Amino acid sequence: MNNKILAVATAVILAGGTISTAEAVGTRAVSGSANGFTWEAANRIIGVGPTATLNPPNNDGGGDPAYFAAMPQYSGVAALIMDYGPGGRFICSGTLLPDRRSILTAAHCVSDGAGTDNPLVTTAYFYGGDDPNLRVPFNAASTAVTVSDYFVHPLYTGEVIDQNDLAVLRLAAEAPDFATDFDLFEGDLLGSEFNVAGYGGRSTIGGNLGVDSRTGFLRQGDNRYEFAFGDDDFMGFWTDRDQNGEHFFGTAEIDFSWVSDFDNGLAANDTACRIAAALGLGGPKYCNLGLGFMEAGVAGGDSGGPNFINGLISGVNSYGLSFGTNFGDIDGRLNSSFGEFSGYVPVGIHLDFIRDNLVVPSVPEPGSLALLGLGLVGLGLSRRRKA
């Protein structure tokens, strides 16, 4: 895996047929040029080292065990297959929430904006076994649970960079008992290190190349939240709107859209630092050379996957962003290589939306509770397992 979760619409073959990364749904790529910056973004784990698989028959040229997702810690990170009928099948990632009936993912996986164009069928695949090279979707060793309902954030626009790119998917039945569920992180993200996971495109080499391998294998890595576009340091550079209501990237809300950069230990590819310098900023808030070998970014199919801080979901993988070689992208292409940004939706600003769409357990009559000698456990957390 490469330490970035990409969103390239490349077709791949799984045991169950042809699927593509979910970013191929609708218009999922955008570019522009403004105020001396040229940029490209797409809804899209790649690591410093190779993140592909190790052994036949899935040997894609190498893969480092450092990026394998240990079980049962990651057993609640699900592979999502969205079937749009003639429009094709697509892959995203998602995370099991404490009610054990809900999956948190990115809105763009299941909608072109505000709840429209839901897939005909969405299936969540869970795996808790000990084979890191098992391709989870359509696999008999996985547990498949169908999605029954979609709750897309009402302010999601369908634009690539959108802080409301969030959806809660209702499972038709409870997730399997082995799957770990996760609660939400409510603290500050600035400068925080996090772990990221997903089922997206992988790399046989690492960040020098980016994505060149298949989706469907769960991988994980680390990174650091650099900044949100609405940070006061920028004095509205990214977020101020013109007379048409447009800001640097479009019209969607982006003040709380967070990014991490994919560092390789070289100042030349420290994208956050180079962007900050162009805006007259600097210092350790923006300039650092990464987390070493475990540094990671996101790729196509990782969309909707989780960011974790202390075992809690802090954000959701949303998009990849490149400002080109002048600002650190090692090859100038949006392909989850070194020098690109990964973008995330923070859960902290969406706590009410997420919790309002969880399944609330039925509560027995008080007399029944007394009879059974039970106490209420908030939101059905009595079965919750910690990561």
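Q: Which residue stands opposite F308 in β17?

A: N195 does. Keep in mind that this is a predicted model. The pair belongs to a larger pattern. Two bridges join β12 to β17, and these strands run antiparallel.

Q: How do I read the two faces of strand β17?

A: Start with the general idea. In a regular strand the side chains alternate between the two faces of the sheet. Now take β17, residues 306-309. P306 and F308 lie on one side, N307 and I309 on the other. These four residues are all buried, so both faces are covered.

Q: Is strand β7 mostly covered or mostly open?

A: Strand β7 is mostly covered. The strand spans residues 89-96, and eight of its eight residues are buried.

Q: What are the partners of β7?

A: Strand β6, residues 77-83, pairs with β7 in the antiparallel sense over seven bridges. V77 stands opposite T95 in β7. Strand β8, residues 102-105, also pairs with β7 in the antiparallel sense, over two bridges. There, L96 stands opposite I103 in β8.

Q: What should I look for in the turns of these hairpins?

A: Look at phi. The hairpin of β6 and β7 has five residues between the strands, and G85 takes a positive phi near 65°. The hairpin of β7 and β8 also has five residues between its strands. In that turn, R100 has a positive phi of about 65°.

Q: Which side chain does R100 meet in a salt bridge?

A: First the general idea. Side chains of opposite charge can pair when their charged atoms come close. Here R100 meets D181, at 2.5 Å from N to O. D181 lies in the loop between β11 and β12, and R100 in the loop between β7 and β8, so the pair ties together parts that are 81 residues apart in sequence.

Q: Are D181 and R100 buried or exposed?

A: D181 is buried, with a relative accessible area of 0%. R100 also counts as buried, at 2% relative accessibility.

Q: How many salt bridges does a search of the whole structure find?

A: It finds five. Another of them joins K285 and D231, at 2.8 Å from N to O. K285 lies in the loop between α1 and β16, and D231 in the loop between β14 and β15, so the pair links parts that are 54 residues apart in sequence.

Q: With which other residue does K285 form a salt bridge?

A: K285 also bridges to D233, where the closest N and O atoms are 2.9 Å apart. This pair ties together parts that are 52 residues apart in sequence. Shared partners join D231, D233 and K285 into one network. K285 counts as partly exposed at 24% relative accessibility. D233 counts as partly exposed at 33%. D231 counts as buried at 17%.

Q: Which residues of α1 are buried?

A: Begin with the helix rule. An α-helix has 3.6 residues a turn, so residues three or four places apart point the same way. In α1, T271, A272, I275 and A276 are buried. They cover an arc of only 130° around the axis, which puts them on the same side of α1. The buried residues of α1 pack against β4, β14, β15 and β19. G280 follows α1, and its phi is positive, near 75°.

Q: How many aromatic pairs does the structure hold, and how do I read one?

A: The structure holds 33. Read the distance between ring centres, then the angle between planes. The rings of F37 and F327 have centres 4.9 Å apart and planes at 25°, so the pair is stacked. F37 counts as buried at 3% relative accessibility. F327 is buried too, with a relative accessible area of 14%.

Q: Which pair is edge-to-face?

A: F227 and F234 form an edge-to-face pair. Their centres are 5.0 Å apart, with 70° between the planes. F227 is buried, and so is F234.

Conventions: Residues numbered from 1 in each chain as written. Predicted model: local features only at pLDDT ≥ 70, side-chain atom pairs only at ≥ 80, totals over all residues. Heavy atoms only, no water. Buried < 20%, exposed > 50% of the residue type's maximum accessible area, 1.4 Å probe, protein only. Pairing = 2+ DSSP bridges. Salt bridge = Lys/Arg side-chain N within 4 Å of Asp/Glu carboxyl O. Arc of directions from axis to C-beta. Contact = heavy atoms within 4.5 Å. Phe/Tyr/Trp six-rings, centres within 6.5 Å; stacked < 30°, edge-to-face > 60°.
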